Every structure is written in structure tokens, then in C-alpha cells.
Amino acid sequence: MPIRKLRISDIEALHRLFAEVSAEGEFLLRAEPPPIEQMRAMLLRSLPLDLPQFIAEVDGELVGSIEIFPASFCGVEIGSGEDFGVLGMQVKKAHRGQGLGGRLMAAALEHCRRLDMGRVELTVLKSNLPAIRLYERFAFLWLEDLAPVSLPNGRADRPQKMRLLLD
């Protein structure tokens with residue numbers, strides 16, 4: 001499974017990946033992906049900045065992605081004056097548990113270090129134990145529990161925030 005940088009020509013496949021993972025109703029708070037034009041605009045804004053955005057392909061099909069955006073891209077207030085990245089990752093169900101998330105994470109974090117990013121934060125559902133174990137393997141630490149949520153599949157869950165300080 002080759003890992004490579006995301007390109008603008010990947011936008012339709014990326015949108016399909018988001019749609020598939022969103023439709024599961026288990027890991028994202030919305031049952032549908034963001035509109036493709038919104039995703040395209042974010043990608044066009046971010047590509048010239050050489051941000052950590054990688055995809056994994058199998059037989060020419062996009063099966064996983066990871067994106068780390070500066071907090072300012074995501075509407076996060078930066079109280080300390082230190083910029084940081086907000087992580088998002090999606091892997092198709094059929095390709096989970098095969099080390100793909102780890103390979104995507106390693107590529108993205110290496111890129112963050114080259115950019116001198118100070119930290120990376122993410123939000124993950126407490127029920128998503130495989131993802132939490134992956135993040136802990138990369139030294140992400142629990143930061144705080146967030147308010148309970150109702151997922152698109154109707155199940156109640158609680159998100160938690162995690163942080164990785166980059167040296």
C-alpha cells in the first residue's frame with residue numbers, strides 16, 4: 001500500500017472515502033461528508049503550504065487518508081500563541097487492522113516535525129479503542145474528556161481530546 005502526498009486530483013476519491021466512513025455512523029459526528037466544494041476549497045488553500053496530507057492506495061483505489069491542518073484552518077482558538085495541528089484520519093473498513101493507520105501516522109508526523117509544528121491534537125471517541133491504541137503508540141496523551149455526543153447510528157459516546165508534543 002503506497003503512501004503518498006494528497007493531490008487536488010484526489011478530491012473525488014477523498015470525498016468518497018469520507019462518505020463511506022461517515023455512513024458507518026460510528027466514528028464521525030456527522031453521517032455525511034462535508035460538501036465536496038468545501039473540501040476542494042480547503043485542499044486548494046492547504047496544498048501550497050505543503051501541509052501533512054497523505055493518502056494510501058490499493059490497486060489505484062484511495063483507502064485511507066490523514067490530514068493535519070494548522071489550528072487556524074479549523075477555527076480553533078490558539079490561546080498560547082503557539083500554532084499546532086489538528087489531525088483527522090479515515091481508513092476504509094476493509095483495510096483497518098492492517099497497519100495502514102500507523103504508516104499514515106508515521107508519514108504525517110515526520111512531515112510535522114520537518115515543518116517545526118509544536119504539537120498535534122485530535123479528538124477520538126472513547127469507544128474507538130483501536131484508534132486510541134494507535135495514537136498512544138505514537139505517544140499521544142489523553143488531555144480531557146469532552147461532552148457526551150449522540151452518533152449518527154444513534155449510539156451515545158464520549159469524545160476525548162489527545163495531544164502529542166513534537167520535539
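**Exercises on a predicted model**

Leaving aside neighbours within four places in sequence, Trp142 is in contact with Lys126, Gln160, Lys161 and Met162. The model is predicted.

**Exercise 1.** Find the strand that holds Trp142, and the side chain with which its side chain makes a polar contact.

Solution. Step one: Trp142 belongs to strand E6, residues 141-145. Step two: the side chain of Trp142 makes a polar contact with that of Asp145, at 2.9 Å. Step three: for Thr123, 19 residues from Trp142 along the chain, the separation of the C-alpha atoms is 9.7 Å.

**Exercise 2.** Decide whether His95 is buried or exposed.

Solution. Step one: locate His95 in the loop between strand E4 (85-91) and helix H3 (100-114). Step two: the relative accessible area of His95 is 15%. Step three: buried means under 20%, so His95 is buried. Step four: beyond its neighbours within four places in sequence, His95 is in contact with Val58, Val63 and Leu100.

**Exercise 3.** Describe the largest nonpolar core and name the element that gives the most to it.

Solution. Step one: this core has 26 residues, of which Leu87, Met89, Val120, Tyr135 and Phe140 touch the most other members. Step two: elements that each supply at least two residues include strand E2 (53-58), strand E3 (61-70) and helix H4 (129-137). Step three: H3 gives the most, with six residues. Step four: another core lies apart from this one and has eleven residues, among them Leu6, Ile11, Leu17 and Leu43.

**Exercise 4.** Find the ring over which the charged end of Lys5 sits.

Solution. The ring is that of Phe54, with the charged end of Lys5 5.2 Å from its centre.

Technical notes
Residues numbered from 1 in each chain as written. Predicted model: local features only at pLDDT ≥ 70, side-chain atom pairs only at ≥ 80, totals over all residues. Heavy atoms only, no water. Helix = DSSP H or I, 4+ residues; strand = E, 2+ residues; numbered from the N terminus. Buried < 20%, exposed > 50% of the residue type's maximum accessible area, 1.4 Å probe, protein only. Contact = heavy atoms within 4.5 Å. Lys NZ or Arg CZ within 6 Å of the ring centre and 35° of its normal. Polar contact = N/O pair within 3.5 Å; in protein donor to acceptor, adjacent residues only side chain to side chain. Core = buried A, V, L, I, M, F, W, Y, C linked by side-chain atoms within 4.5 Å.
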